[in-house]
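Subject: Structure for you to look at

Hi there,

Here is the structure I promised to pass on. Please open it alongside this note, and I'll walk you through what turned up.

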Amino acid sequence: MQPEALQSLLESVARGQVSPETALEKLKYLSFEPVEEFAKIDRHRQLRTGFPEIIWGPGKTPEQIAQIMKAMSQGSPVVMATRIEPAVAEHLEEQVPGLIYYPIARICVLKTAESGASYDGVISILTAGTADLPVAEEAAVTAELCGFQVQRLWDVGVAGIHRLLSHRQVIDQADVLIVVAGMEGALPSVVAGMADCPVIAVPTSVGYGASFGGIAPLLTMLNSCATGIGVVNIDNGFGAAILAGQILRTANKFKRSCRKL
């Protein structure tokens with residue numbers, strides 16, 4: 001936090017040398033806080049970007065993740081770690097009191113207070129198959145923890161297109177759609193041809209050999225004839241949720257600006 005820099009800035013505001021608006025901008029870029037020698041917490045990421053820093057689990061020991069979560073909980077109402085396997089979650093539950101684990105999404109959460117702001121708008125998340133659920137739940141849990149309303153619709157892939165068509169209202173009610181699919185990755189193209197809102201396509205690594213671990217659905221989504229589709233990386237449910245959230249937050253800011261006019 002660099003207390004000396006923060007104190008100097010606040011004193012400048014008190015003396016009238018710096019406006020509160022300028023001080024807020026400066027606060028967005030205050031330095032990080034180290035956790036021993038293996039991590040540096042970006043405490044002001046939510047102020048800068050609208051969303052807090054999230055812990056990436058793979059490659060870290062349970063002890064490192066636990067220390068980072070405890071440090072981040074000082075001043076953050078929700079601390080979140082992604083891609084946490086069940087064995088690692090067991091260790092974390094022993095070290096971090098109050099930890100919540102979402103096994104399908106592989107997300108660990110520590111809540112130190114009530115969840116943050118909730119936003120207008122609905123994020124609807126669809127999967128082509130049941131095997132895509134881990135990626136879709138990663139998106140759903142991330143979006144909910146960030147304060148967004150989520151609708152889930154699972155196993156509505158193109159092999160049984162009538163299942164999707166029987167839930168047309170889910171598409172119609174959405175403000176942003178996240179569509180998760182492996183195999184050939186055709187579902188986002190179908191959904192985008194029916195939707196009047198942005199569609200975020202998420203290719204998964206689910207599929208037979210020629211899907212090349214998600215490369216085939218990724219290319220299908222990038223080459224979609226349907227318009228209004230943005231594509232994130234393979235298995236990146238988290239990134240899809242954050243992008244959907246940014247879209248809704250921008251829409252909310254625009255609405256507020258219009259009310260002031």
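Let me start with a question: which residue forms a salt bridge with Arg106? The partner is Glu85, with the closest N and O atoms 2.9 Å apart. Please keep in mind that this is a predicted model. The pair links distant parts of the chain, 21 residues apart: Arg106 sits in the loop between strand 5 and strand 6, and Glu85 in the loop between strand 4 and helix 5. Arg106 is partly exposed at 22% relative accessible area, and Glu85 is partly exposed too, at 38%.

The count of salt bridges comes to six. In helix 8, Asp172 pairs with Arg168 at 3.1 Å; they are four residues apart, so about one helical turn separates them.

Strands 4 and 6 run antiparallel, joined by five bridges, and Thr82 stands opposite Ile107 in strand 6.

Finally, the cysteines: there are zero disulfides in the structure. For Cys146, the nearest cysteine sulfur belongs to Cys108, 16 Å away. For Cys225, the nearest is that of Cys197, at 18 Å. Cys146 is buried, at 15% relative accessible area, whereas Cys225 is exposed, at 78%.

Best wishes

Terms used. Residues are numbered from 1 along each chain as its sequence is written. This is a predicted model: local features need pLDDT of at least 70, side-chain atom pairs count only at pLDDT 80 or more; totals for chains, interfaces and linings use all residues. Side-chain values use heavy atoms; hydrogens and water are left out. Two strands pair if DSSP finds at least two bridges between them. Helices (H or I, at least four residues) and strands (E, at least two) are DSSP runs, numbered from the N terminus. A disulfide is a pair of cysteine sulfur atoms within 2.5 Å. Buried means under 20% relative accessible area, exposed over 50%, partly exposed in between (1.4 Å probe, protein chains only). A salt bridge is a side-chain nitrogen of Lys or Arg within 4 Å of a carboxyl oxygen of Asp or Glu.
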